[in-house]
Amino acid sequence: MKRNIFALFALAALAVLTVTSQADALQAQKAFKEMTITVTVTPSPVPMGFVKPSPVAPPPASAVAEVTRLLADPFDGPARVAFAGAVYDVAPGGGMQVAQVSAQPTPVPVQFVAKADPSAAFLHIVPHTPAVSVPYGTTVLPCAFEVFTFYTNTYSLSDWGYGTLKTGAPPTFPIENFPTVSYLSWAVPDFGPTFKPYNNSGPPGETTWTGAKNQSQQHCIDLTIVVPNSQSAGIYTATVQYNLYVTLP
Amino acid sequence: MHDVMRRSTIVLAALLMTALPQISHASTTAQGSAQINYKIMPSIKAQVVPNYQSSFGPIGGLGSGSTPAAGPSAVLGGGTVDFGSVVVGYEYLYKYAAQVSVQTNDAAGFVVYGEGATDLNGSAPVPVPATWPLQQTLFWLVSSASNTAFSPASTFNKTTTGVPVGVNGSNGINYGAGAPSPASMIWSNPSSGNLSQGYDYELRLSGSIPISQFNVYIVYTVIGN
């Protein structure tokens with residue numbers, strides 16, 4: 001009787017281990033996509049005020065006397081001519097408009113052939129705000145993009161900041177790198193309003209959502225970006241890698 | 001340019017020196033010196049060389065399952081910035097796409113603008129609609145060996161102030177008395193000289209772009225300050 005109980009426990013333990021190890025082994029990355037958002041940080045407005053101008057110094061007495069004398073008798077004294085010294089662009093009495101010089105070399109032809117994405121049936125991204133100008137502080141980007149997922153078996157969608165690692169990767173604004181917390185956060189409003197900073201430790205990242213067998217779903221991703229005062233104005237990119245892991249049959 | 005104009009005005013003071021005495025003192029003669037300032041008109045020359053370095057061409061497309069390669073229209077030192085076949089939904093970087101060279105004697109420097117003569121024109125097959133927005137699809141950044149398909153870049157815009165010349169702007173953009181939009185500025189230099197700057201292009205293909213061949217002409221315009 002005791003021997004049978006031990007055998008039963010051993011069998012149960014073996015069954016549990018088998019199931020869990022199979023679940024791990026049968027997960028495979030079906031596709032991955034990068035979503036890039038161009039972030040332009042605009043400078044803070046410079047505080048401005050009006051200052052009373054300094055009083056203008058009166059003209060020298062000699063100049064006043066000279067003008068008065070010439071007004072009284074314009075032909076008095078030696079002959080004078082007007083000339084274009086450093087004061088005038090052109091001789092007094094006339095004006096002219098000078099066009100800016102310019103040059104336009106031969107244009108550069110650009111071309112490409114867009115081919116269909118074979119993995120788009122399982123994972124694709126629909127961008128809505130691929131570029132954004134943000135001020136310092138916090139900016140909310142509702143439905144910055146949408147992610148579509150589908151598979152014929154159960155699956156999960158995960159994400160992490162592209163190029164990030166648990167250690168050693170150089171931090172770049174706005175996603176940065178672990179242990180610095182990302183300045184870019186995400187939420188799936190269909191699932192809840194809570195924003196979460198993007199994982200910036202590289203694989204395995206964080207779970208965005210999971211799906212059932214043959215379940216297609218497409219959800220908006222809301223973003224918030226925080227620009228700290230220490231960040232220089234300029235152009236940055238935030239790239240997030242989305243990964244579709246599927247359970248193989 | 002005003003400084004140059006100021007420096008180079010020709011004043012024919014000598015004419016006045018000889019004419020005025022006849023008005024006020026017709027019976028006398030006068031001698032004097034003439035100050036002559038002269039102007040050297042500012043000039044600007046510019047050239048653009050596509051595929052300007054031997055390792056030009058596309059990289060990227062991470063996750064697409066294919067390795068990008070320059071199309072047949074791309075040749076060293078000329079031709080087309082030809083990304084070849086690219087997969088919708090992915091991002092690419094075209095290294096050493098174009099080099100802009102400027103020669104000017106304008107002490108105030110110059111500004112270079114770069115913008116599309118049109119949006120992206122689809123062909124083979126012609127999609128519906130036939131064009132795709134250039135903005136947020138094609139980007140530019142200053143060339144660097146460390147650039148990747150995800151490096152920060154600025155978008156090219158379709159011209160809003162000019163009229164394309166030739167088929168799809170193959171002969172440039174006519175701005176009339178105007179100028180390119182300030183948003184299209186890609187380079188500003190505050191002095192004269194003989195200068196060059198290279199640019200890479202980024203291609204970000206939205207998932208909804210039609211399957212087709214697309215073309216556009218990027219027009220560079222250099223204007224003196």
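Of the 249 residues in chain A, 24% count as buried; a residue is buried if 20 or more other C-beta atoms lie within 10 Å of its own, exposed if 12 or fewer, and partly exposed in between, with C-beta atoms placed from the backbone. This is a predicted model, in which local features need pLDDT of at least 70 and side-chain atom pairs count only at pLDDT 80 or more, while totals for chains, interfaces and linings use all residues. Residues are numbered from 1 along each chain as its sequence is written, and chains are lettered from A and ligands numbered from 1 in the order in which they are written.

Contacts say something about the fold too. Two residues are in contact if their C-beta atoms, placed from the backbone, lie within 7 Å. Among the contacts in chain A between residues at least 6 apart in sequence, 75% join residues at least 24 apart.

## Helices and strands of chain A

Chain A has two helices and 12 strands. Here helices (H or I, at least four residues) and strands (E, at least two) are DSSP runs, numbered from the N terminus. Read from the N terminus, the order of elements in chain A is α-β-α-β-β-β-β-β-β-β-β-β-β-β.

Helix H2 of chain A covers residues 61–72. At 1.5 Å a residue, its 12 residues should span 16 Å, and the end C-alpha atoms are 17 Å apart, which agrees; the expected span is 1.5 Å times one less than the number of residues.

## An open sheet in chain A

Five strands of chain A form an open sheet with antiparallel pairing, in the order E4-E6-E11-E8-E9. Strand E4 (123–127) and strand E9 (196–197) of chain A stand at the edges with a single partner strand each, so one side of each is left without a neighbour in the sheet. Two strands pair if DSSP finds at least two bridges between them.

Ser185(A) has Pro197(A) in E9(A) as its bridge partner.

## Backbone details worth a look

The loop between strand E7 (155–161) and E8 of chain A holds Pro179(A), which is joined to Phe178(A) by a cis peptide bond with omega of about 10 degrees. Glu176(A) is found in the loop between E7 and E8 of chain A as well, and has a positive phi of about 60 degrees although it is not a glycine. Glu176(A) counts as buried because it has 20 C-beta neighbours inside 10 Å.

Another cis peptide bond joins Pro203(A) and Pro204(A), with omega of about 5 degrees. Pro204(A) is found in the loop between E9 and strand E10 (206–211) of chain A. Over in chain B, Tyr96(B) sits in strand E6 and has a positive phi near 55 degrees, in a residue other than glycine. Tyr96(B) is buried, with 23 other C-beta atoms within 10 Å.

## Where the two chains meet

The contact takes 76 residues from chain B and 46 residues from chain A. On the side of chain B that touches chain A, several elements each supply at least two residues, among them helix H1 (2–7), helix H2 (13–24), strand E15 (193–204) and strand E16 (213–224) of chain B. E16(B) gives the most to this side, with 12 residues. The residues of this side of chain B divide into 39 nonpolar, 31 polar and six charged; Ala, Val, Leu, Ile, Met, Phe, Trp, Tyr, Cys and Pro count as nonpolar, Asp, Glu, Lys and Arg as charged, and the others, Gly among them, as polar.

Strand pairing also links the chains: strand E3 (residues 108–115) of chain A and E16(B) pair in the antiparallel sense over six bridges. In this pairing, Val113(A) stands opposite Gln213(B).

## The nonpolar core and its strands

The largest nonpolar core has 79 residues; such a core is a set of buried Ala, Val, Leu, Ile, Met, Phe, Trp, Tyr and Cys residues joined through C-beta atoms within 7 Å. Those with the most contacts inside it are Val86(B), Val112(B), Tyr201(B) and Leu203(B). Leaving aside residues up to four places away in sequence, Leu203(B) touches residues including Phe112(A), Val86(B) and Leu138(B).

Leu203(B) in E15(B) is the bridge partner of Leu138(B). Strand E10 (residues 138–142) of chain B pairs with E15(B) in the antiparallel sense over five bridges. E10(B) is also joined by two bridges to E11(B), and these run antiparallel; here the bridge partner of Trp140(B) is Ser154(B) in E11(B).
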